[in-house]
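Work through the exercises below with the sequence and the model open. Each one gives a task and then a solution in steps.

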Amino acid sequence: MFEELSLHILDIAMNSITAGARTVQITVTEDSRRDLMSVRIRDDGRGMDAATLRRVSMTATTTKSNRRKPIGLGLAFLRQTAEMCAGRFQIRSAASAGTTVTATMQRSHMDCPPLGDLNATVLALCAANPAVDVQLHYRNDGHRFDFSSKQDARPAPTVRSRIDSER
Amino acid sequence: MNLEQLKKLKEKAQRQVALREGDKKYRVVFSMGTSGIAAGAREVMTTMLDEIEKRGIEDVEMRVTGEIGLVDAEPCVRVEEKDGEKTTYAKVTAESARKIVTEHLQKGKPVLGLAVGKQKSAE
């Protein structure tokens, strides 16, 4: 089990990166009026066929074919957290059409984990594969924060070293 | 937080992310599967990124992998050297993560006491 929602997010988004996603869109919505906490991770990776999709939210599913003992608990953990907190878990996917994982929770539920260190999650994802556009969309009662690791492209190393030498 | 601080933060994050690129002497691979994350791999990774950036160590690249099958030994960090030498560190904490950076990545001496599957007598 994870103590923070942001760890669930890191875990699921790592799946997205492994699935060859170029964009990973993380949307976190907190709504106090509806007493809702919602997390959605959407990617444009290779997706899953219907048979795989039926298996994935069960325990111990892995895409690694050489595994004697499959581990694969990530989605099952998130599902457990959502259902424990009077929420819902949903996964949509199709072969070569990406995957969207959504988990909702009752925000005031005593088992609802804290959001935790979302910064560290985003940093870890960016470092895991800088070629992937990691997007974070955070919504909290009408307040919003949007981040994209592609927002302004990092200057090429040559340009940066020139700027450095000018200082 | 003012604009200047934000810019500094951005530059720092860029230097950390840049650890991924190029043909470097060391490659640090984090096991970032479900069991690794549950055991604290994210904190180990951010600690190491921080420490490497702080010490200005440049001959290092960062990679991330999924489950490596050492569930009870997580968080695991593998340091691969250019000559093919691999050292796997198990049950890494923030403290031992810093030690791996200062000893192995900076001074080139593997921390054998923390490694798995290596002769410990050498330390």
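**Exercise 1.** In which loop is the place of B:Lys91?

Solution. B:Lys91 sits in the loop between β4 (86–89) and α4 (94–106) of chain B. Helices (H or I, at least four residues) and strands (E, at least two) are DSSP runs, numbered from the N terminus. The model is predicted: local features need pLDDT of at least 70, side-chain atom pairs count only at pLDDT 80 or more, and totals for chains, interfaces and linings use all residues. Residues are numbered from 1 along each chain as its sequence is written, while chains are lettered from A and ligands numbered from 1 in the order in which they are written.

Next, look at the backbone: B:Lys91 is not a glycine, yet its phi is positive, about 45°. Last, count neighbours. A residue is buried if 20 or more other C-beta atoms lie within 10 Å of its own, exposed if 12 or fewer, and partly exposed in between, with C-beta atoms placed from the backbone. B:Lys91 has 16 other C-beta atoms within 10 Å and is therefore partly exposed.

**Exercise 2.** Describe two prolines, A:Pro114 and B:Pro75.

Solution. Start with A:Pro114, in the loop between β4 (99–106) and α4 of chain A. With 10 other C-beta atoms within 10 Å, A:Pro114 is exposed. A:Ser96 lies 18 residues from A:Pro114 in sequence, and the two C-alpha atoms are 33 Å apart. Then take B:Pro75, in the loop between β2 (60–65) and β3 of chain B. The peptide bond that joins B:Glu74 and B:Pro75 is cis, with omega about -5°.

**Exercise 3.** What is the span of α1(A), and how many of its residues are buried?

Solution. α1(A) has 14 residues and reaches 20 Å from its first C-alpha to its last. The expected span is 1.5 Å times one less than the number of residues, and for α1(A) the span is close to the 20 Å expected. Of the 14 residues of α1(A), 14 are buried, so the helix is largely enclosed by the rest of the structure. Just after α1(A) comes A:Gly20, with a positive phi of about 80°.

**Exercise 4.** Which residues make the contact of α1(A) with α3(A)?

Solution. First find the geometry: the two axes come within 9 Å and cross at roughly 140°. Axes are lines fitted to C-alpha atoms, for helices over the stretch in contact, and angles run from 0 to 180 degrees between N-to-C directions. Then list the residues: α1(A) brings A:His8, A:Asp11, A:Ile12 and A:Asn15, and α3(A) brings A:Gly74, A:Phe77, A:Leu78 and A:Thr81.

**Exercise 5.** Which element gives the most to the side of chain A that touches chain B?

Solution. The contact takes 19 residues from chain A and 21 residues from chain B. On the chain A side, the elements that give two or more residues are α1 (5–18), α3 (74–84) and α4 (118–128). α4(A) gives the most, with seven residues.

**Exercise 6.** Summarise chain B as a whole: how many helices and strands does chain B have?

Solution. Chain B has four helices and five strands, in the sequence order α-β-α-α-β-β-β-α-β. Buried residues make up 37% of its 123 residues. The C-alpha atoms of chain B fill a box of roughly 50 × 30 × 25 Å along the principal axes.

Note on methods
Contact = placed C-beta atoms within 7 Å.
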